[in-house]
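Biologist: I would like to learn how to read this model. Please take me through it feature by feature.

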Protein chains: 2
Amino acid sequence: MKTRFDTADQALGAFYEAFQNADLKAMMSTWLNDDEIACIHPMSHAIMGRSAIEASWAEILAAVPEIRIRTETLFQQRDTNLVSFTVLEHIHVKGEAEPRPPMIATNIFHKSGDDWGMVLHHASPPGPLPRQKPPGERGRIH
Amino acid sequence: MKTRFDTADQALGAFYEAFQNADLKAMMSTWLNDDEIACIHPMSHAIMGRSAIEASWAEILAAVPEIRIRTETLFQQRDTNLVSFTVLEHIHVKGEAEPRPPMIATNIFHKSGDDWGMVLHHASPPGPLPRQKPPGERGRIH
């Protein structure tokens, strides 16, 4: 298994391949080997640090059905040691006729030495808004 | 009005000050003067390009009540010409006893010439998950 990435693009591809394959070890190899990393799953609070992030993915990947993931890059920014990709995650579950509504994820990669690794994964659902507000919920500002 | 920012930190502060003041012109001055910019409002699809982003903020700021916004930086990454901040947005509406549940936003700034400006705002609610699924919704994978 390749555990070093020469470019941010390689690390991004490997991240989604590991997600598709439900391969936790491969997934964690795409994150920078550093505790200054953060992960925001859809509709979730920020998880900080390597061990907490690994635990969250272990739970997700243990439960994931057989899926195919295709990503569509909407937006990217590149600097010498930092690259961000904002992508649509098109997830197709085996046996379902249609892909799920895509999630939007901003993925940031940092170069440390010669190695690129993920430092931030921030994913969110693009809506639609829930039709029924939970009891007591007030109007949204932002 | 200052419309050039010497640091990404200044541009970040000015962005939230403009949001708090519902000042569209000040808000748009914090975005890089470039069409390669993207904005994801909570539970929304990505909006690309300056005119569409300005229109979305015009609608939000026209409807916003009197608010105070305090940001709490959870995570940041810095390179020579690219800086990202992931923050909690604590929004307090005048007359309400408690702040709203915070949004999480990843804000990316790019340096163009001597000027820093926002190139990506990706905001999302941290949950909790809606208690009632819309009809037909399937289980969440990610």
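Modeller: Start with the two copies. Chain B can be laid on chain A by a turn of 180° and a shift of 0.0 Å along the axis, with an RMSD of 0.0 Å. That is the relation of a two-fold axis. Copies are superposed by least squares on C-alpha atoms of residues with pLDDT of at least 70 in both. The model is predicted: local features need pLDDT of at least 70, side-chain atom pairs count only at pLDDT 80 or more, and totals for chains, interfaces and linings use all residues. Residues are numbered from 1 along each chain as its sequence is written, while chains are lettered from A and ligands numbered from 1 in the order in which they are written.

Biologist: Which residue of chain B comes closest to the rotation axis?

Modeller: B:Ser124, at 3.0 Å (C-alpha).

Biologist: What is the strand order of the open sheet in chain A?

Modeller: Strands are DSSP runs of E, at least two residues, and helices are runs of H or I, at least four, numbered from the N terminus. Two strands pair if DSSP finds at least two bridges between them. Here 6 strands have the order 2-1-6-5-4-3, with mixed pairing. Strand 2 (46–48) and strand 3 (67–78) of chain A stand at the edges, each with a single partner strand, so one side of each is left without a neighbour in the sheet.

Biologist: How many bridges join strand 3 to strand 4 of chain A?

Modeller: 11, and the two strands run antiparallel. In strand 4, A:His90 is the bridge partner of A:Arg70.
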